[in-house]
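Student: I would like to learn how to read a structure like this one, feature by feature. Could we go through it together?

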Amino acid sequence: MRILGIETSCDETAVAVVEDGQKLLAWAMASSVAMHEKTKGIIPEQAAREQVKAILPTIDEALNQLEENTGSRGFDVLAVTHGPGLIGSLLIGVETAKALSWVWRKPLVPVNHLIGHVYANFLETPQLPQFPFIALIVSGGHTDLILMEDHGKWRFLGGTRDDAAGEAFDKVARLLGLGFPGGPAIQQAASQLQPFPNSPNSSYSPNFPNLPRPMLHSGDYDFSFSGLKTAMADQIQQFQQGLNPVSGFNPEKRLSEKGIVMFAIAFQEAVVEILVKKTLEAAAASNAKAILLSGGVAANARLRERLQHEAQVRVFVPQVRFCTDNGAMVAAAAHFNYNPVNWKTVNANPGLALA
Ligand code: KG4
Ligand code: ZN
């Protein structure tokens, strides 16, 4: 079965065709991320306008690729992200998919964006994950732990009480004067010094920023990242005032290169430690056979490395290109949870929840 997946929940307009939930046949993407670089954050109205312009050319490009790769533009099913996400952006993908389902007389499968992220792990992999597994979904809008017992059967274990992990990366990158999106920028800065220190108090440097690990021992599967961001802001301010030799006193009150690198490492280590510990606890408590990392933050090399190193069960990580929003994950999720509905019943739902 060939499924054309459409993803427009945020700033990516992404379309892909996937065969049998695993094999990528076409992949097209337009992104307004460069536009949001200037504002160091996404302006929903602007993202939606760009979605409108990009949706048909992106679908057309995916079909051109499909023809190039298979000799035909034929496919069987349409799938679309119907939530959660930005309402203006979601509407573009959903209404386009409904129109195409109607005129092309193709079945339409609505997909939860977060479940789509989980199925990025099923793409182009020689071995499929076994149930039950724990999925850590870490993106710009979400930090969720779910236990999946079968396709379509999941239990919400916990999530963030304030900022999502990706959102924290983006906000902290702004504090450090780094680019948007913040995750890749922080990872890049943090990779300037090797090896990673194991703890904020390691012998790496006596002046290494000492950041808290909010809710590390809370005994549940919830997260909180806003306090971490505030602690960063406080400590950066101290460095800027020349109170700590890491930054070196700087009359322009800007962090030195070394200071930025130190803070990037300290922040990344704190977030990764919290995510890894809670995920391992959830896996142990539920006798999970595997852990699936997913969402944009799953692209983070340090998170992938630590989880793979410390887990007792098999860890699946998607290819980096499948971590951030894309159409292939939507098509894969629709294949394994095949539940076509009449297009008239599909609606964009910005608050679509997992719980
Ligand atoms: O899943 P995604 O593409 O969009 C949402 O559904 O939100 O995730 C985007 C988020 C951004 O916050 C971005 O900073 C983060 O994923 N991200 C990363 C990395 N690459 C993307 N965070 C940490 N390390 C990365 N390498
Ligand atoms: Zn996403």
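Tutor: Gladly! Keep in mind that this is a predicted model. Let's begin with one side chain: at 41% relative accessibility, Glu305 counts as partly exposed.

Student: Which residue does Glu305 meet in a salt bridge?

Tutor: The general idea is that side chains of opposite charge can pair when their charged atoms come close. Here the side chain of Glu305 meets that of Arg302, at 2.4 Å from N to O. Both residues lie in helix H9 (residues 301-310), three residues apart, which is about one turn of the helix.

Student: Is Arg302 buried or exposed?

Tutor: Arg302 counts as buried, because its relative accessibility is 8% and the cut-off for buried is under 20%.

Student: How many salt bridges does a search of the whole structure find?

Tutor: The search finds 19. One of them joins Glu281 and Lys277, with the closest N and O atoms 2.7 Å apart. These two residues sit in helix H8, four residues apart, again about one turn of the helix. Glu281 is partly exposed at 31% relative accessible area, and Lys277 is partly exposed at 25%.

Student: What does the salt bridge between Arg213 and Glu273 tie together?

Tutor: The side chains of Arg213 and Glu273 meet at 3.0 Å, N to O. Arg213 lies in the loop between helix H6 (182-190) and helix H7 (226-240), while Glu273 lies in helix H8 (residues 257-285), so the pair ties together parts that are 60 residues apart in sequence. Arg213 is buried, with a relative accessible area of 16%.

Student: Now the sheet, please. What is the order of its strands?

Tutor: To read a sheet, follow the strands across it. This open sheet has five strands in the order E3-E2-E1-E4-E5, with mixed pairing. Strand E3 (23-31) and strand E5 (108-112) stand at the edges with a single partner strand each, so one side of each has no neighbour in the sheet. On average, neighbouring strands are turned by 20° against each other, direction ignored.

Student: In which sense do E4 and E5 pair?

Tutor: Strand E4 (residues 77-83) pairs with E5 in the parallel sense, over five bridges. To see one of these contacts, look at Ala79, whose bridge partner in E5 is Val109.

Student: Which strands does helix H3 touch?

Tutor: Helix H3 (residues 87-104) packs on the sheet and touches strand E1 (2-7), E4 and E5; its direction makes about 155° with that of E4. Helix H11 (residues 327-336) packs on the sheet as well, touching E1, strand E2 (12-19), E3, E4 and E5. The direction of H11 makes about 130° with that of E1.

Student: Last topic: how much space lies in the largest pocket?

Tutor: About 970 Å³. To get your bearings, start from the centre: of the 37 lining residues, the closest to it are Cys10, Ser139, Gly140, Gly141 and Asp170.

Student: And which helix supplies the largest share of the lining?

Tutor: That is H5, with six residues. Helix H4 (113-119), helix H5 (165-175) and H6 each supply at least two residues of the lining.

Definitions and conventions. Residues are numbered from 1 along each chain as its sequence is written. Chains are lettered from A and ligands numbered from 1 in the order in which they are written. This is a predicted model: local features need pLDDT of at least 70, side-chain atom pairs count only at pLDDT 80 or more; totals for chains, interfaces and linings use all residues. Side-chain values use heavy atoms; hydrogens and water are left out. Two strands pair if DSSP finds at least two bridges between them. Axes are lines fitted to C-alpha atoms, for helices over the stretch in contact, and angles run from 0 to 180 degrees between N-to-C directions. Contact means heavy atoms within 4.5 Å. A salt bridge is a side-chain nitrogen of Lys or Arg within 4 Å of a carboxyl oxygen of Asp or Glu. Buried means under 20% relative accessible area, exposed over 50%, partly exposed in between (1.4 Å probe, protein chains only). On a 1 Å grid over the protein atoms alone, a cavity is a set of points where a 1.4 Å probe fits but cannot get out, and a pocket is an open set with protein on both sides within 12 Å along at least five of seven lines; lining residues have an atom within 4 Å of a point. Grid points are joined across faces, edges and corners, and a volume is the space filled by probe spheres set on the points.
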